[in-house]
Amino acid sequence: MRTFDMHCHVDLMPSMTDFANDALKASICLLAVTTTPKAYEKEITVLRPFPNVRVALGLHPQLIGERYSEIMIVEKYLEDAHYIGEIGLDFNKQFYHSKDKQLVAFERIIKRCGELGGKVLSIHSVHADKLTLDVIEKYAAHKQNTIILHWFSGTQKQLQRAVQLGCYFSINSAMTKSDNGRRIIQGMPADRMLLESDAPFIGQNNAQQLLADLELTAQWLSSNIDVNINNTIVDKSTTIFNR
């Protein structure tokens, strides 16, 4: 059986090719998000031979303060890129100074995705969940694209709004270890749940550690949520991965 990691930073591993190859041997499919479009340019070439990897075009909100001009590179590739991420908004204290630039960049990307359709987007939102959903809805990006909210941490009201918009949620092991994370997961419909590692940010530096981490999350969901990993999460992931 294949395992799906719907949010992973392959380019931050010691070797992209070794990591992707080890994941292939372990039957792990990776949605490889990028933090800058320049990383995307490199990664899309290096990882092209691997059938288990989908590379996403990204511009991380935490980096926009210093890399705002790279939004033009993102826009250059948006039409042809099928997977988009990591994008979004981060209004945490250390990144709040760039909130205006973040919002402009996010709106430009979401607006274009709304026009194009057919994309899979992995979206980051920290202390900006309502505004993130406002932008998605404003440009109707949820209607013709697949929206995945990565490591969602909003309120129950925002969670239900995201559900109504048809969003999916990628869940990692760190979420299952906090009271707030568990409450959020328990409010999600089972058929909108996906697995993610966010590797290497939760300590996974190789494919074996990543697989163990994903299995830990899956076991928690099986034990605490009425969700069938094989018939629900794997099926949904397979569909999204092959769009």
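This is a predicted model: local features need pLDDT of at least 70, side-chain atom pairs count only at pLDDT 80 or more; totals for chains, interfaces and linings use all residues.
**Exercise 1. A second pair**

Treat helices α6 and α7 in the same way. Which residues of α6 meet which residues of α7?

*Solution.* Helix α6 covers residues 129-138 and helix α7 residues 156-164. Their axes come within 10 Å and cross at roughly 20 degrees. An angle under 35 degrees counts as roughly parallel, so α6 and α7 are roughly parallel to each other. The crossing is left-handed. On the α6 side, the residues are Asp129, Lys130, Leu133, Asp134 and Glu137. They meet Gln158, Arg161 and Ala162 in α7. By type, the contact of α6 with α7 divides into 2 nonpolar, 1 polar and 5 charged.

**Exercise 2. The core**

Which residues touch the most other members of the largest nonpolar core? Then list the contacts of Ile84.

*Solution.* The largest nonpolar core holds 79 residues. Leu30, Ile84, Ile123, Leu149 and Leu221 touch the most other members. Helix α9 (residues 207-224) supplies the largest share of this core, 6 residues. Now take Ile84. Leave out residues up to four places away in sequence. Ile84 then touches Ala56, Leu57, Leu78, Ile109, Cys113, Lys119, Val120, Leu121 and Ser122.

**Exercise 3. Buried or partly exposed?**

Is Met175 buried or exposed?

*Solution.* Met175 sits in the loop between β7 (168-171) and α8 (179-186). Its relative accessible area is 1%. The limit for buried is under 20%, so Met175 is buried. Beyond four places in sequence, Met175 contacts Trp151, Phe152, Ser170, Gly181, Arg182, Ile185 and Met188. Met175 and Thr217 are 42 residues apart in sequence, with 8.8 Å from C-alpha to C-alpha.

Turn to Ile44, in helix α2 (residues 37-46). Its relative accessibility is 25%, so Ile44 counts as partly exposed. Tyr68 is 24 residues from Ile44 along the chain, and their C-alpha atoms are separated by 21 Å.

**Exercise 4. Backbone details**

Which residues does the cis peptide bond with omega of about 10 degrees join?

*Solution.* The bond joins Gly85 and Glu86. Glu86 belongs to strand β4 (residues 83-90). Another cis peptide bond, with omega of about 5 degrees, joins Ala199 and Pro200. Pro200 is in the loop between β8 (193-195) and α9.

Asp198 lies in the loop between β8 and α9. Its phi is near 55 degrees, a positive value in a residue other than glycine. Asp198 is buried, at 6% relative accessible area. Trp151 has phi near 50 degrees, also positive and also not in glycine. Trp151 lies in the loop between β6 (146-150) and α7. With a relative accessible area of 32%, Trp151 is partly exposed.

How values were computed: Residues are numbered from 1 along each chain as its sequence is written. Side-chain values use heavy atoms; hydrogens and water are left out. A nonpolar core is a set of buried Ala, Val, Leu, Ile, Met, Phe, Trp, Tyr and Cys residues joined through side-chain atoms within 4.5 Å. Buried means under 20% relative accessible area, exposed over 50%, partly exposed in between (1.4 Å probe, protein chains only). Helices (H or I, at least four residues) and strands (E, at least two) are DSSP runs, numbered from the N terminus. Contact means heavy atoms within 4.5 Å. Axes are lines fitted to C-alpha atoms, for helices over the stretch in contact, and angles run from 0 to 180 degrees between N-to-C directions. Angles under 35 degrees count as roughly parallel, over 145 as roughly antiparallel, 65 to 115 as roughly perpendicular and the rest as oblique. A crossing is left-handed if the near helix is turned anticlockwise from the far one by less than a right angle, and right-handed if clockwise. Ala, Val, Leu, Ile, Met, Phe, Trp, Tyr, Cys and Pro count as nonpolar, Asp, Glu, Lys and Arg as charged, and the others, Gly among them, as polar.
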